[in-house]
Amino acid sequence: MKHLVFTASVLIFCILNLSAQNSSTLKGVVYDYNSKKELDGVAVKILNTSFFIQSNNKGLFIFENIPKGNYIIEISFKGFENQKIPITISNTTAYDLGAIYLQQLFEEIQESSIILLSDDDLLDDGERSSDNIAGLFQSSKDAFLRAAAFNFSQAWFKVRGYDSSYGVISINGIEMNKLYDGRPQWGNWGGLNDVFRNQEFSNGLAASDHSFGNVLGTTNFTTRVSDYKAGGKVSTAATNKSYTGRIMANYATDLNKKNWAFAVSASRRFADEGYFEGTTYNAWAAFLAVEKKLNNNHSLNLTAFTSPNRRGKSSPNTQEVFDLKGYQYNAYWGNQEGDKRNSRIKEVIEPIVMLTHYYEKENTTIKSTVAYQFGHIGNSRLGYSNAPNPDPTYWKNLPSSYLRYEDNLDYANAYLSEQNFINNGQINWEEIYQLNANKSNALYYLYEDRVDDTQLTFNSVLNTNLKNNSILNAGVNYTNLTSKNYGKMLDLLGSEGFVDLDQYAIGDAQQNDLNNPNRIVGKGDKFQYDYLINGSVTGVFAQIQVVNRKVDYFAGISFKSTSYQREGLYKNGTYFNNSYGKGEQQSFFDVSAKAGFTYKLTGRHLFNVNGAFISNAPSIRTTFSNSRVNNNITPELTSEKIVTGDVSYIFRSPKFQSRLTTYYTKFSDAIETSFFFAEGLLGDQADFVNEITTGVDKLNIGAELSLEYQVTATIKLLGSGSFGQFTYNNNPHLYIQSESLINEDSDFGTAYLKDYRVSGTPQRAYSLAFEYRDPAYWWFQVNGSFLSNNYLDISPLLRTDNFYIDADGVPFLDDETGLEITQKQVDDLLVQEKFDDAFLLDVVGGKSWRIDNKYVGFFAGINNVLGELYKTGGFEQSRKSNYPEFKEDKQLNKPIFGPKYWYGNKTSYYLNVYLRF
């Protein structure tokens, strides 16, 4: 026995050097790690070549006439973990890999975490960045990245503080990151976990065979049918997360005699009410893939999938609301005829069809895919006109509104308001219908912000082994997007119609479309706004990878051209000169480069260094300052620049693996936008505004630690740590745009953000896990995680001169001293809130039985066993935007416009039962 392979993480570093001329033979014997018996029918494939064979009844496989070059041997067998072995062939001498041991596939550890996290609490329209780290890192064997994916991410942890838009997610090479905001829409393939298991993953700046990537790395899902294990699986699950039940089935075939292979999958996920009050969940999913092997060099693979889903959203809440109603309270629903009706429903229906051509010959592969995506995303909400705000958490509905003036404390009404909110505190649908009855112009209505996208994408990637142990990767891609955006009337709520006017404007400015003034809107009609966005991206990249005995290195370069153009279909009454018709096309050209090397001091000690300069074009969201009503372009619009590097020390031995990484990333010229209602603008003005912060610089520095120790054949210890510091690194520029300020200077000057902490993630996270895998096919893992240094998202507007300077250009006077306020007073009032630390204990385990060639099993997971209540995120409200008003509100026992928070789940569970055949 020459080699014993225990885990894939060891194999990643296992380079087998074969000595030197034109071709070689390669053989090995595959065993079951637990029974020590030979495995018959194991699939052994040399990736990106036509070499494929199955082991015989003695577990033996033999390849002959393998040309010189660098390869990856993939060994797979149903019910066992895949193994991948990098090799370098440079000699005709036969080489024996010896015994290769496959361990039982405990895929349920991975699947349980993916299910618990990737389908739950997805991004809510930019209100919070709940980036799906589980999806990004689920295929990694690194202990730290798996902890980040499966344990830290329930607290919305971001690796190195990076937003998910900095990770490239692709399917068959087609990038799935949306042009709108750069983030992937995970719901497009939700509920299809089993058929999206095959992945190619690269961490951070590491070289990737299919893409240039970005600072957070790349994940490419592959749906080639011949890469699936033949067989099927059915499962059912129960949980108390965003959905309460799931049914899933999938089946895949081998290539038949006519060289056809098929894979199908379908699922259903549902909940009358999820973890938070009033959050319904209704999702279906379907998948079909068909492969035709044309000959030994050419194959075609057709993939089609869809995952239509509708789910109710949950609200962020102030501390006052939390104290009265608890952390599961949701302001978006109310009872209607005995049912809980949520006013804010997110619906995603975006089917995707792909056709992939594979060319494989000797040392060269070319993968080309064309994809077409269509469908819509809708986000509903209640609208109202000339009527009270129906939001039960509207400030006038809360007890604090009666206690805001020290000289007029109305305790009686405060108590009545408190009791009404505790006992009711939801949307009153019955009252809304009564007020709307027989009205020709609705006081209340339900509408959705609708996005209908059609996107055509092409991608082609060449991978070829060159001489001198070199690999060339090169690719070209093109994306063309047509995005229709409009408001859609869903329900008139008992009224007869709605006049399409802006209630906050006067005169002609009230008209949402001057081309159709005073239009009566019916159910299903477009209204408020209607426009198109046409976008296109063309990119090419090239990369060289070189593998040697002591040093591996790579270098890559990317060129990308991006353009956007808005075409207004409504002539807005306020922006009548700049809303209808085509606006000026915005174009960007970006060049990025990266390189890295690995120095192998010995077989156990490795050093890795990577560096990159990356230029990212603005997204559609940040290019247009207020695309719903005008063609205006964001001031100072430019591409974001990133300078980044990391250094790692890696130790590997048969029982112990570790990685220590330090990193530095500087973001420059970023753009941040938000919309909100503000008072105290330029002294005493108030309006719904668009806040644009340009030239934002951020600095992310820190270290990561990954530890894994195989104590015995059945016991493993895992440790992980992340120590980060993510801060604003300059004082950017801020602009405010609104209807009331249309004739005013929108330049609010400098936003003093330098050294404030970037929000949206714990900046420090540590975990320790104990894992046991019994030879009798049962297992469990216990993980404890400690997360700290999570901060509230600050308001840039509150940190401009507008905050402490009155309309006359003189600083506000302090109400206590009568003197001008000082910088210290401002700083003390604007101290950034740091959330409490959180300790989360997670347990997952399962059992499987092998009956003939079938597997029956279950697994169960419990997150946050101790039921700790913790904040996952939150933001400062900007409504009180100057010093006197903000101070007055903050000094209240319960601030009316205090920060709004999101909370993580207390104890939650997941139980899955499956049959694999």
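Are Trp-189 and Phe-221 buried or exposed? Both residues are buried, where buried means under 20% relative accessible area, exposed over 50% and partly exposed in between (1.4 Å probe, protein chains only). The legends below return to this pair.

The model is a predicted one, in which local features need pLDDT of at least 70 and side-chain atom pairs count only at pLDDT 80 or more, while totals for chains, interfaces and linings use all residues. Residues are numbered from 1 along each chain as its sequence is written, and side-chain values use heavy atoms, with hydrogens and water left out.

**Figure 1. Overview of the protein chain.** The secondary structure comprises ten helices and 47 strands; helices (H or I, at least four residues) and strands (E, at least two) are DSSP runs, numbered from the N terminus. The radius of gyration is 29 Å, close to the 29 Å that the globule rule gives for 917 residues, so the chain is as compact as a globular protein of that length. This radius is taken over C-alpha atoms, and the globule rule is 2.2 Å times the number of residues to the power 0.38. Along the principal axes, the C-alpha atoms fill a box of roughly 90 × 55 × 55 Å. Of the 917 residues, 57% count as buried. Among contacts (heavy atoms within 4.5 Å) between residues at least 6 apart in sequence, 72% join residues at least 24 apart.

**Figure 2. Confidence along the chain.** Mean pLDDT, the predictor's confidence in each residue from 0 to 100, is 89 for the protein chain, and 92% of its residues reach 70 or more. Over residues 1–21 pLDDT stays under 50, and the model has 63 contacts beyond four places in sequence for them.

**Figure 3. Aromatic pair Trp-189 and Phe-221.** The structure holds 49 aromatic pairs. One of them joins Trp-189 and Phe-221; this pair is tilted, at 6.1 Å centre to centre with 55° between the planes. Rings of Phe, Tyr and Trp (its six-membered ring) pair if their centres lie within 6.5 Å; planes under 30 degrees apart count as stacked, over 60 as edge-to-face and the rest as tilted. The pair links distant parts of the chain, 32 residues apart: Trp-189 is in the loop between β10 (174–175) and β11 (199–203), and Phe-221 is in strand β12 (residues 217–221). Both residues belong to one aromatic cluster, together with Trp-186, Phe-196, Phe-287 and Phe-305.

**Figure 4. The sheet that contains β12.** Four strands in the order β10-β9-β12-β11 form an open sheet with mixed pairing. Its edge strands, β10 and β11, each pair on one side only. Two strands pair if DSSP finds at least two bridges between them. Strand β9 (residues 168–171) runs parallel to β12, joined by four bridges. Ser-170 has Asn-220 in β12 as its bridge partner.

**Figure 5. Strands β6 and β7.** Seven bridges connect strand β6 (residues 69–76) with β7, and the two run antiparallel. Glu-74 stands opposite Lys-84 in β7. Six of the seven residues of strand β7 (residues 83–89) are buried, so β7 is largely enclosed by the rest of the structure.

**Figure 6. Charges over aromatic rings.** The charged end of Arg-341 sits over the ring of Trp-429, 4.4 Å from the ring centre. Lys-526 lies over the face of Tyr-486, at 4.5 Å from the ring centre. A charge sits over a ring if NZ of Lys or CZ of Arg is within 6 Å of the ring centre and within 35 degrees of the ring normal.

**Figure 7. The sheet β19-β46-β45.** Three strands in this order form an open sheet with antiparallel pairing. β19 (317–318) and β45 (871–875) stand at the edges, each with a single partner strand, so one side of each is left without a neighbour in the sheet. Four bridges join β45 to the antiparallel strand β46 (residues 900–903). Lys-871 has Tyr-903 in β46 as its bridge partner.

Figure 8. Tyr-791 lies in the loop between β42 and α9. Tyr-791 is buried, with a relative accessible area of 9%. Residues that Tyr-791 touches, not counting those up to four places away in sequence, include Arg-757, Gln-763, Glu-833 and Phe-835. The C-alpha atoms of Tyr-791 and Thr-872 are separated by 9.2 Å, and the two residues are 81 residues apart along the chain. Thr-800 is in the loop between β42 (778–788) and α9 (823–829). At 1% relative accessibility, Thr-800 counts as buried. Beyond four places in sequence, Thr-800 touches Leu-734, Phe-748, Thr-750, Ala-751 and Tyr-752.
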